[in-house]
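The report below follows a chain through its strands, its core and its charged side chains. Please keep the sequence and the coordinates at hand while reading.

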Amino acid sequence: RELAPAPLFSSETSMLTALLAALSAPEQDRVASLPGYGEPPLPQFSGYLDAGAAEPGTKLHYWFAAAETADWAKRPVVLWLNGGPG
């Protein structure tokens, strides 16, 4: 019998919480400069979200790049997670 993988988020509320955490990224996660490029034209943040509810110590890396439009704060957010063993 094949077991279904455990869900990453236990509910839609948890996913919303993760998205809000990324959008309210701490200033220390701000990407000030990119190698070979310099300062990003719009805000970018990179850091870790705490996903330790199911397994303590688990963290998910995120990178938030604002849409390249003047109204970037009103644009939809896409959450892309890569995963797998190792």
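At 44% relative accessibility, A65 counts as partly exposed, given that buried is taken as under 20% relative accessible area, exposed as over 50% and partly exposed as what lies in between, with a 1.4 Å probe and protein chains only. This is a predicted model, in which local features need pLDDT of at least 70 and side-chain atom pairs count only at pLDDT 80 or more, whereas totals for chains, interfaces and linings use all residues. Residues are numbered from 1 along each chain as its sequence is written, and side-chain values use heavy atoms, with hydrogens and water left out.

**Strands and their pairing**

A65 lies in strand β2, and the chain as a whole has one helix and two strands, which follow the pattern α-β-β when read along the sequence; helices (H or I, at least four residues) and strands (E, at least two) are DSSP runs, numbered from the N terminus. Leaving aside residues up to four places away in sequence, A65 touches P43 and Q44, where contact means heavy atoms within 4.5 Å. The C-alpha atoms of A65 and P40 are separated by 9.0 Å, the two residues being 25 apart along the chain.

Strands β1 and β2 run antiparallel and are joined by seven bridges, and strands are said to pair if DSSP finds at least two bridges between them. Within this pairing, the bridge partner of S46 in β2 is W63. In a regular strand the side chains alternate between the two faces of the sheet.

**The nonpolar core and the aromatic pair**

In soluble globular proteins, nonpolar side chains tend to be buried together. Here the largest nonpolar core is made up of five residues, F45, L49, Y62, F64 and A66, a nonpolar core being a set of buried Ala, Val, Leu, Ile, Met, Phe, Trp, Tyr and Cys residues joined through side-chain atoms within 4.5 Å. Both β1 (44-50) and β2 (59-65) supply at least two residues of this core. A66, one of the core residues, touches L42, P43 and W72 when residues up to four places away in sequence are not counted.

The structure holds one aromatic pair, for which ring centres of Phe, Tyr and Trp (its six-membered ring) must lie within 6.5 Å, with planes under 30 degrees apart counted as stacked, over 60 as edge-to-face and the rest as tilted. This pair is formed by F45 and F64 and is tilted, at 6.4 Å centre to centre and 35 degrees between the planes. It links distant parts of the chain, with F45 in strand β1 and F64 in strand β2, 19 residues apart. F45 counts as buried because its relative accessibility is 9%, and F64 counts as buried because its value is 13%.

**Charged side chains**

Two salt bridges are present in the structure, each defined as a side-chain nitrogen of Lys or Arg within 4 Å of a carboxyl oxygen of Asp or Glu.

| Salt bridge | N to O distance |
|---|---|
| E27 and R30 | 2.8 Å |
| D71 and R75 | 3.2 Å |

E27 is exposed, with a relative accessible area of 53%, whereas R30, at 37%, counts as partly exposed.

Which side chain of opposite charge is nearest to the buried D29, a residue that has no salt bridge? It is K59, 10 Å away, where Lys and Arg count as positive and Asp and Glu as negative, while His and the chain ends are not counted. D29 is found in the loop between α1 (12-23) and β1, and, residues up to four places away in sequence not being counted, D29 touches Q44, F45, S46, G47, Y48 and Y62.

**The chain as a whole**

Of the 86 residues of the chain, 22% count as buried. Among contacts between residues at least 6 apart in sequence, 31% join residues at least 24 apart.
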